[in-house]
Amino acid sequence: MGRDIVVATPSGPVAAWRADPPHKAAAKGAIVVIQEIFGVNAHIRSIADGYAAAGYVAIAPALFDPVSRNVELGYDDDGFAEGRRLAGELGLDAAVGILRATRDLLRQDGHRQIAAVGFCWGGTLAFLANTRLGLPAVSYYGARTVPVLDEVLQAPMLFHFGAEDASIPPADIEAHRQRQPAAEVHVYPAGHGFNRDVDPAHYAPDSAADARRRTMKFLATALR
């Protein structure tokens, strides 16, 4: 269902995984899928494929390409450390620039109803895709959002958090509710990375299914 493409961005050419629904003419809209710090790996590609199967065009840009190409890291301490280093080297502004270029590519392809869905580091970037690019957005366990949380929403916003996520304490979740009262916030009996079905240490299937159901309902409303 998916294929490799290249997106022209202010930071240079960036590889991306694009997945189209079986019947493209009947696409419900388009989604920019935003990676975790582990790269556009098999898990992120499968997420894009899943949205395509549900009727959306999905593109997942390889955000680390400007600093290191073909990044696919393991879910271990070394992978986590390297992912954090790469995210810091790239920076939020350059990442948002790549998301803007991906949005513009979808617009050039004729799509006007576009959303962003991001995970972990990508969850914070999904929030910025809303405030800075005007895209309806879904953030899964974005642990770096609090420093930018006073930016003004430009479109509908949905947050998913795990109650047992040590990287996002209850006070941070409450800050999302207080500082972004127009957003929808849900908390699940799970930890960080609960949607990551390739990582048994973190995957929580019931919470992932509930978040998926709410995400699909959100997208159906925001992109109609």
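**Reading pockets, rings and contacts**

Q: What volume does the second largest pocket have?
A: The second largest pocket has about 220 Å³. A pocket is an open set of points on a 1 Å grid over the protein atoms alone, with protein on both sides within 12 Å along at least five of seven lines. Grid points are joined across faces, edges and corners, and the volume is the space filled by probe spheres set on them.

Q: What kind of model is this?
A: It is a predicted model, in which local features need pLDDT of at least 70, side-chain atom pairs count only at pLDDT 80 or more, and totals for chains, interfaces and linings use all residues. Residues are numbered from 1 along each chain as its sequence is written, and side-chain values use heavy atoms, with hydrogens and water left out.

Q: Which residues lie nearest the centre of the second largest pocket?
A: Read the lining, meaning residues with an atom within 4 Å of a point. Here 14 residues line the pocket, and His43, Ile47, Asn195, Asp197 and Arg212 lie nearest its centre.

Q: Which helices each supply at least two residues of that lining, the one of the second largest pocket?
A: Helices are DSSP runs of H or I with at least four residues, strands are E runs of at least two, and both are numbered from the N terminus. Helix H1 (42–53) and helix H6 (205–222) each supply at least two. H1 gives the largest share, five residues.

Q: What is the volume of the largest pocket?
A: About 360 Å³. Its lining has 17 residues, with Ile37, Phe38, Phe80, Cys120 and His192 nearest the centre. Helix H2 (residues 77–90) supplies the largest share, three residues. By class, the lining of the largest pocket has seven nonpolar, three polar and seven charged residues.

Q: How many cavities of 30 Å³ or more does the structure hold?
A: Rolling a probe the size of a water molecule over the atoms shows where empty space is left. In a cavity, a 1.4 Å probe fits but cannot get out. This structure holds one cavity of 30 Å³ or more. The largest cavity has a volume of about 40 Å³. Residues lining the largest cavity include Gln35, Leu63, Phe64, Asp65 and Asn70. The classes there are five nonpolar, four polar and one charged.

Q: How many aromatic pairs are found in the whole structure?
A: Rings of Phe, Tyr and Trp (its six-membered ring) pair if their centres lie within 6.5 Å; planes under 30 degrees apart are stacked, over 60 edge-to-face, the rest tilted. The search finds nine pairs. Tyr140 and Tyr141 are edge-to-face, 5.9 Å centre to centre with 75° between the planes. The pair Phe159 and Phe161 is stacked, because the planes lie at 15° with the centres 5.9 Å apart. Ring pairs also link Phe119, Tyr140, Tyr141, Tyr188 and Phe194 into a cluster.

Q: Is Tyr140 buried or exposed?
A: Buried means under 20% relative accessible area, exposed over 50%, partly exposed in between (1.4 Å probe, protein chains only). Tyr140 has 2%, so Tyr140 is buried. Tyr141, at 0%, is buried. Phe159 is buried at 0%, and Phe161 is buried at 1%.

Q: Which ring does the charged end of Arg45 sit over?
A: The rule is that NZ of Lys or CZ of Arg lies within 6 Å of the ring centre and within 35 degrees of the ring normal. The charged end of Arg45 sits over the ring of Trp17, 5.8 Å from its centre.

Q: What does Ser139 touch, not counting residues up to four places away in sequence?
A: Contact means heavy atoms within 4.5 Å. Ser139 touches, among others, Gly118, Gly123, Met157 and Phe159. Ser139 sits in strand E6 (residues 137–140) and is buried at 0%. Gly123 is in helix H4 (residues 121–133) and is buried at 0%. Beyond four places in sequence, Gly123 touches Gly118, Ser139, Tyr140 and Gly142.

Q: Where does Ser167 lie?
A: Ser167 is in the loop between strand E7 (157–162) and helix H5 (170–179). Its relative accessibility is 36%, so Ser167 is partly exposed. Not counting residues up to four places away, Ser167 touches Ala143 and His192. Ser167 and His192 are 25 residues apart in sequence and 7.4 Å apart in space, C-alpha to C-alpha.

Notes:
Ala, Val, Leu, Ile, Met, Phe, Trp, Tyr, Cys and Pro count as nonpolar, Asp, Glu, Lys and Arg as charged, and the others, Gly among them, as polar.
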